[in-house]
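Please keep the sequence and the coordinates in view while reading.

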Amino acid sequence: MSKPRRRVRKVDGILLLDKPRGLSSNQALQQVRKLFEAEKGGHTGSLDPLATGLLPVCLGEATKIAGGLLGARKAYDTVARLGTVTDTDDADGQPLRERPVPPLRVAEIDAALQALTGRIMQRPPIYSALKRGGEPLYAKARRGEHVEVEPREVDVHLFALQSAADLVDDLQGVPPQLRLHVECGSGTYVRSLVRDLGEALGCGAHVTELRRTWVDPFRDPRLWTLEALQALSERGRAALEACLLPIEAGMAAWPEIRLDPRQVQALSYGQAVSGGFHPQGEVGVFDLNGRALGLGEVDADGRLHPQRLFSWAVSQPGRVVRC
């Protein structure tokens, strides 16, 4: 017998999920979708299975702004284990080589961190979700294929030492490790930063812990665990949906343009709107009450063109758009 189809419904909003260790980002997303019975969903920026912390999940119409959240600035706390290099650059991989950890001073560590800060060239891990020929690199690497990864430019805004107590105090039974804080732009791999830091220190290193603490614009996030969401789901839909942020909460990355009812009506029919709008480029579109209508594009003449409008902002036959 075929399995019954899962019931789905239209749910719109943003969930700030505290992803647990051991799940892929997609596995965590699917669990959220199942709990909310959400018809559509997507996450904004993968976290490795080893990693925990903030994974913004966009449900329903919020998926239309997911691309803007992918490129947002992010922050992480991580633990770097010195002396061992792995094939994945983290503790989930196989050790490739081990080296003794030389005597290190905090000033040396800070200098190495500073050299990896700013606009830098970074080689992503071979075991990563980057695609080549439509296939993730990790799939090729797992088959034993030779994988060449080209360095690329990334932005590292802050790479700082939080604690070196496990290293400089020579704690009995504790492996030499550094506790670090990273703030970076889109496409930056913390695993690669730690790997390159280990090489700069002359001993190699890999990530043993990684937690994403915030993603713009969610600098002080209220996170929800899967366990907490499960408990709320047992109390009913209203309790569960109270965890969702409105779509407007995720639109800080775009310059804001507000439209009067006449302009909203025109945009809803797919028409460009004149009005000397600025700045040029992609913008967030709102009505006069502050309700988000979607994304638009301002051309060189200051005309606003609809790009990705939310369902409630698109006119349908026999339907009047109200503001």
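Is cysteine 184 buried or exposed? At 1% relative accessibility, cysteine 184 counts as buried, where buried means under 20% relative accessible area, exposed over 50% and partly exposed in between, with a 1.4 Å probe and protein chains only. Cysteine 58 is likewise buried, its relative accessible area being 0%. The structure holds 0 disulfides, a disulfide being a pair of cysteine sulfur atoms within 2.5 Å.

The model is predicted, so local features need pLDDT of at least 70 and side-chain atom pairs count only at pLDDT 80 or more, whereas totals for chains, interfaces and linings use all residues. Residues are numbered from 1 along each chain as its sequence is written, and side-chain values use heavy atoms, with hydrogens and water left out.

Threonine 188 lies in the loop between strand S11 (177-184) and helix H6 (190-200); helices (H or I, at least four residues) and strands (E, at least two) are DSSP runs numbered from the N terminus. Its relative accessibility is 10%, and threonine 188 therefore counts as buried. A polar atom of the threonine 188 side chain lies 3.4 Å from the backbone oxygen of aspartate 155. The backbone oxygen of glycine 185 lies 3.1 Å from a polar atom of that side chain. Beyond residues up to four places away in sequence, threonine 188 touches Gln122, Val154, Asp155, Val156 and Leu193, contact meaning heavy atoms within 4.5 Å.

The nonpolar cores come next. Such a core is a set of buried Ala, Val, Leu, Ile, Met, Phe, Trp, Tyr and Cys residues joined through side-chain atoms within 4.5 Å. The largest has 50 residues, of which Leu15, Leu17, Phe36, Phe159, Leu197, Leu201 and Leu229 touch the most other members. Helix H1 supplies the largest share of this core, 5 residues. A second, separate core of 34 residues includes Leu54, Val215, Trp254 and Phe310.

Leucine 54 is found in strand S3 (residues 52-59) and counts as buried at 0% relative accessibility. Leaving aside neighbours within four places in sequence, leucine 54 is in contact with Leu16, Leu17, Leu47, Arg212, Trp214, Val215, Phe218, Pro221 and Leu223. Leucine 54 and phenylalanine 218 are 164 residues apart along the chain, and their C-alpha atoms are separated by 9.2 Å.

In helix H7 (residues 226-233), Leu226, Leu229 and Leu232 are buried. These residues cover an arc of only 120 degrees around the axis, which puts them on the same side of H7; the arc is that of the directions from the helix axis to the C-beta atoms. What covers the buried residues of H7 includes strand S1 (13-19), helix H1 (25-36) and helix H8 (237-241).

Helix H9 (residues 261-268) has Gln263, Val264, Ala266, Leu267 and Ser268 buried. The buried residues of H9 pack against strands S13 (256-259), S14 (281-287), S15 (292-298) and S16 (304-309). Just after H9, glycine 270 takes a positive phi of about 85 degrees.

Finally, the aromatic rings. The count comes to 1 aromatic pair, where rings of Phe, Tyr and Trp (its six-membered ring) pair if their centres lie within 6.5 Å, and planes under 30 degrees apart count as stacked, over 60 as edge-to-face and the rest as tilted. The rings of phenylalanine 310 and tryptophan 312 have their centres 5.2 Å apart and their planes at 40 degrees, so the pair is tilted. Both phenylalanine 310 and tryptophan 312 are buried.

Conventions. Polar contact = N/O pair within 3.5 Å; in protein donor to acceptor, adjacent residues only side chain to side chain.
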